[in-house]
Amino acid sequence: MTTYKLLWVDDEIELLKAHILFLEKKGYQVETVTNGYDALDRCAEEAFDLILLDENMPGLSGLETLTRVKELLPATPVVMVTKSEEEHIMEQAIGAKIADYLIKPVNPTQILLTLKKNIQQKEIVTEHTQSNYQQDFARLGMQINDASSIEEWKEVYKKLTYWELQLSETESGMQEMLSMQRREANAEFAKFIRKNYMRWMEKPEERPVMSPDIFKHTIFPLLDKGEKVFLIVIDNFRYDQWRVLLNEIADTFTVEENLYCSILPTATQYARNAIFSGLMPNNIAKMFPELWVDEDSEEGKNLNEEPLVRTQLGRYRRKNTFSYHKINHSNAAEKFVSQIPQLQKNDLNVVVINFIDMLSHARTESLMVRELASNEAAYRSITQSWLRHSAVSDLFRSLAAHDCTVVLTTDHGSIRCYNPIKVIGDRNTNTNLRYKLGKNLSYNQKEVFEIKEPVRAGLPSPNLSTTYIFATQDDFFAYPNNYSYYVQYYKDTFQHGGISMEEMLVPLITLKGRKR
């Protein structure tokens, strides 16, 4: 059992002997001094887990002692114990970053609570979280085995993400257990998609909300109510990243959280163009061939998003005014924020933000970025830091202060890939690691989800014999040529295009500013 060392500074320490005995019986080691100068001497000689500090002492006051203790031991929590209830003293103590503030007379239980909160919180939280996950493990396993609808899969994914976020804040050894359960869930989710995807494509009335349905399902009803709508599409934005972002904006917005299901491939060219056009990719290619960019083209795959929005508004005979903006860096975000008052004249403003997708690609290509975003928790942390310290933070604050509704979504998520599976294709085969299309693909049918009739799945078919194949779980495609190098380079990278909860079940959030 760990013994925690306390320093108690009080000029009437003799009156606190009963409290000290109580703490020593609880396993704490308590050292006492009667003035601020002695406290500083002890802090210069030794580290303490927590300091209890009287505010009203002769000589060096508690507040003066506090300031100088913080210089010596900046990370050590200090609890102010005082008879004073004066507000300015409380504010000064809080300003000096005290851990807690107790008013005399204090009882032993109060002190014990503040010690547990400030010294042992991490291990108590770890133990409690670990115990709760263990209790939920079997129940969640049953949910995974029984899930037979998209709504049930959303609940499974939300629960797994909840535990991932909880456990990542602790020093628990349960993360590996959770990772195994997530892999099991993704294996079952892939079976669910195999079973239902083609039916969804052929009977749209039976499918869940998917990429081409976003405008009809969410945007148009808001416009019909007279709302001014800002649609923010953060490329490659996962549900766990949304939950982290929520912590940053929850105090400024009321939030309605939903998930929707991305189409396949879970890649920008297909999924985002489907959102903006309201059409499956095959119909975009047929109806607006000038706006569809083939897989083997050198042209950018997402250069026609504004005209695709216009075609969707036109097909529904809507007269809504709209603008389109793409934000690739902070200068563009700052410029957009400055334009918000004028943009409110439009019924709809569409904003695409590419930072997270750029981060995902940078992590693959740069060893330094891979070190910084070494796992999901670090990846989320960078996302949070970006939001907190970039102009995008100003964007959300500004939108919260205006009379508008914000719809926040994405085109697809991504999954961290570990398991290479071999595929052979000709020189025209696309480069994506989670899906392939071509007329001469060679692969193990049991390892992939294959679509041999692309048109039935709403996908373009460049050749009569074009086949699409999709990786599932945490697989990625690798060519036999130079196999070892290829696998080493792409293993443990975030990829998208295939079938997983992380790629397909993505945020669809409605936000309204609290200050309206």
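Predicted model: local features only at pLDDT ≥ 70, side-chain atom pairs only at ≥ 80, totals over all residues.
Local features require pLDDT of at least 70 and side-chain atom pairs pLDDT 80 or more, while totals for chains, interfaces and linings use all residues. Residues are numbered from 1 along each chain as its sequence is written, and side-chain values use heavy atoms, without hydrogens and water.

**Figure 1. Overview of the protein.** The secondary structure comprises 20 helices and 18 strands; helices (H or I, at least four residues) and strands (E, at least two) are DSSP runs numbered from the N terminus. The C-alpha trace spans about 90 × 55 × 40 Å along its principal axes. Of the 516 residues, 55% are buried, where buried means under 20% relative accessible area, exposed over 50% and partly exposed in between (1.4 Å probe, protein chains only). Among contacts with a separation of 6 or more, 73% link residues 24 or more positions apart; contact means heavy atoms within 4.5 Å.

**Figure 2. The second largest pocket.** This pocket holds about 540 Å³ of space. A pocket is an open set of points on a 1 Å grid over the protein atoms alone, where a 1.4 Å probe fits, with protein on both sides within 12 Å along at least five of seven lines; lining residues have an atom within 4 Å of a point. Grid points are joined across faces, edges and corners, and the volume is the space filled by probe spheres set on the points. The lining has 23 residues, and Glu164, Ser179, Arg182, Glu376 and Arg416 lie nearest the centre. Helices α7 (150–168), α8 (175–202) and α17 (376–389) and strand β11 (415–417) each give at least two lining residues, with the largest share, six residues, coming from α8. The lining divides into five nonpolar, seven polar and 11 charged residues (Ala, Val, Leu, Ile, Met, Phe, Trp, Tyr, Cys and Pro count as nonpolar, Asp, Glu, Lys and Arg as charged, and the others, Gly among them, as polar).

**Figure 3. Tyr157 in helix α7****.** Tyr157 is buried, at a relative accessible area of 1%. Beyond neighbours within four places in sequence, Tyr157 contacts Arg182, Tyr239, Leu259, Met501, Glu502 and Leu505. Asp240 is 83 residues away from Tyr157 in sequence and 9.8 Å away in space, C-alpha to C-alpha.

**Figure 4. Lys436 in strand β13 (residues 435–438)****.** Lys436 is buried, with a relative accessible area of 0%. Its side chain reaches the backbone oxygen of Asn432 at 2.9 Å. Residues up to four places away in sequence aside, Lys436 touches several others, including Val423, Leu441, Tyr468, Phe477 and Tyr479.

**Figure 5. Thr114 in helix α5 (residues 108–118)****.** Thr114 has 2% relative accessibility and counts as buried. The side chains of Thr114 and Asp100 are joined by a polar contact of 2.6 Å; such a contact is a pair of N or O atoms within 3.5 Å, one able to donate a hydrogen and the other to accept it, and residues adjacent in sequence count only if both atoms are side-chain atoms. Leaving aside neighbours within four places in sequence, Thr114 is in contact with Val79, Asp100 and Leu102.

**Figure 6. Helix α3 (residues 62–72)****.** The buried residues here are Gly62, Leu63, Thr65, Leu66, Val69 and Lys70. Seen down the helix axis, they fall within an arc of 155°, so they line one face of α3; the arc is that of the directions from the helix axis to the C-beta atoms.

**Figure 7. Ile98 in the loop between α4 (87–95) and β5 (100–103)****.** Ile98 is buried, with a relative accessible area of 14%. Ile98 and Met80 are 18 residues apart in sequence and 7.0 Å apart in space, C-alpha to C-alpha.
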